[in-house]
Amino acid sequence: MSEKLRVGILGATGMVGQRFISLLENHPWFQVVTVAASPRSAGKTYEEAVGGRWKMDTPMPEAVKNLVVMNVNEVEKVASTVDFVFSAVDMTKEEIKAIEEEYAKTETPVVSNNSAHRWTPDVPMVIPEINPEHFEVIKHQKERLGTKRGFIAVKPNCSIQSYAPVLTAWKEFEPYEVVATTYQAISGAGKTFKDWPEMEHNIIPYIGGEEEKSEKEPLRIWGTIQNGEIVPATEPVITCQCVRVPILNGHTAAVFVKFRKKPTKEQLIKALREFKGIPQELQLPSAPKQFIQYLEEDNRPQVTADVDFEHGMGVSVGRLREDTVYDWKFIGLSHNTVRGAAGGAVLCAETLKAKGYIQAK
């Protein structure tokens, strides 16, 4: 590809915005040309605006340090500089809905990390290995918005990434009832231990809104397009508890599953290891070669050993065993700010580009 697409990041100074910037450094298809944030950051260089709040393990890329932060609310001005944007703005849900639609109406595609539009019926919420066909609803969204190339696409919540792909890989065995408990890292709240010292040596058994998302969003991903809208699936029924744990990165899930068809352990492991989708077939730049790995050791997956599997874009599964109440149980692990946030959105954008939805203006 000779010309890279020009990318803007909305909410560029926050933790997810920073993750977008670190992941897009040297990206073969996309180049960050515009960073936008709140009016208080506007007019400063990116380096000045972030100050001592850079939260990534890798240094701030040189290419963005001197970019002057634009005011995210100056929609036309920001949109005129880019081919599409990633959205990680920190606003109320209603404000996010409004501003993302404003950007779309400037004929600028919006690939969002935010939850605001996840239940807008004609907005696709996609894990590219699972439901890329949901991008087909975009044509109906464009009719509603009155756009030719502008639209919004979103990725789902970070909490479901460690078990929704696993259940998808097992679809042929008809899972119908699932109990999941997620043990979620503090970066999911945009925090580090420096910001949140009370999380050290602590567990908080509540994350606002997370349990509902964890139960409902997989069903939307497994849904179908009917009359220009995505209609959620009805099974498997999921009940979930979400717990905040003193880990920086990595969401772990303990999951119990009932199946209509009774698979063997070997069949389940084989299905995990063989599961792949469009990102793997097209060899997209951010796609993991192995989407789901199964680990045989009793003490895996572990955050310290496995969270960065496939550069944080893969899912690790272990401890698959028969259960006395349910059929099978397992432990899953995914990287919440890579696959679960910015990385998942980058992979969505790569899929959209490969399918022709995102092009140079």
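1. His 201 is exposed in this predicted model, because its relative accessibility is 81% and the cut-off for exposure is over 50%. The residue lies in the loop between strand E7 (175-184) and helix H8. Its phi is positive, about 55°, although His 201 is not a glycine. Most residues other than glycine have a negative phi.

2. Is His 311 buried or exposed? With a relative accessibility of 71%, His 311 counts as exposed.

3. Glu 235 and Pro 236 are joined by a cis peptide bond, with omega about 0°. Pro 236 sits in the loop between strand E9 (229-231) and strand E10 (237-244). The bond from Arg 300 to Pro 301 is also cis, and here omega is near 5°. Pro 301 belongs to the loop between strand E12 (292-295) and helix H11 (303-306). As background, most peptide bonds are trans.

4. Helix H1 is largely enclosed by the rest of the structure, because 8 of its 10 residues are buried. The buried residues are Met 15, Gly 17, Gln 18, Arg 19, Phe 20, Ile 21, Ser 22 and Leu 24. Which elements cover them? The covering includes strand E1 (5-10), strand E2 (30-37), helix H2 (46-50), helix H3 (62-65), strand E4 (84-87) and H12. After H1 comes Asn 26, whose phi is positive, near 65°.

5. The largest pocket has a volume of about 1,200 Å³. Its lining consists of 46 residues, and those nearest its centre are Val 16, Ala 88, Val 89, Asp 90 and Asn 114. Which helix gives the most to this lining? The answer is H1, with 3 residues. Helix H1 (15-24), helix H5 (93-105), helix H8 (210-221) and helix H12 (338-354) each supply at least two. By class, the lining of the largest pocket comprises 15 nonpolar, 20 polar and 11 charged residues.

6. The second largest pocket holds about 620 Å³ of space. It is lined by 25 residues, of which Leu 23, Glu 310, His 311, Met 313 and Val 338 are the closest to its centre. The exposed histidine of point 2, His 311, is therefore one of the residues closest to the centre of this pocket. H1 and H12 each contribute at least two residues to the lining of the second largest pocket. That lining divides into 10 nonpolar, 9 polar and 6 charged residues.

7. Rolling a probe the size of a water molecule over the atoms shows where empty space is left. How many cavities of 30 Å³ or more does a search of the whole structure find? The search finds 1, and the largest cavity has a volume of about 40 Å³. Its lining is made up of Val 126, Ile 127, Pro 128, Lys 155, Pro 156, Gln 161, Arg 339, Gly 344 and Cys 348. Of these lining residues, 5 are nonpolar, 2 polar and 2 charged.

How values were computed. Residues numbered from 1 in each chain as written. Predicted model: local features only at pLDDT ≥ 70, side-chain atom pairs only at ≥ 80, totals over all residues. Heavy atoms only, no water. 1 Å grid on protein atoms, 1.4 Å probe; cavity = no way out; pocket = protein on both sides within 12 Å on 5 of 7 lines; lining within 4 Å. Points joined across faces, edges and corners; volume = space filled by probe spheres on them. Helix = DSSP H or I, 4+ residues; strand = E, 2+ residues; numbered from the N terminus. Nonpolar A, V, L, I, M, F, W, Y, C, P; charged D, E, K, R; others polar. Buried < 20%, exposed > 50% of the residue type's maximum accessible area, 1.4 Å probe, protein only. Contact = heavy atoms within 4.5 Å.
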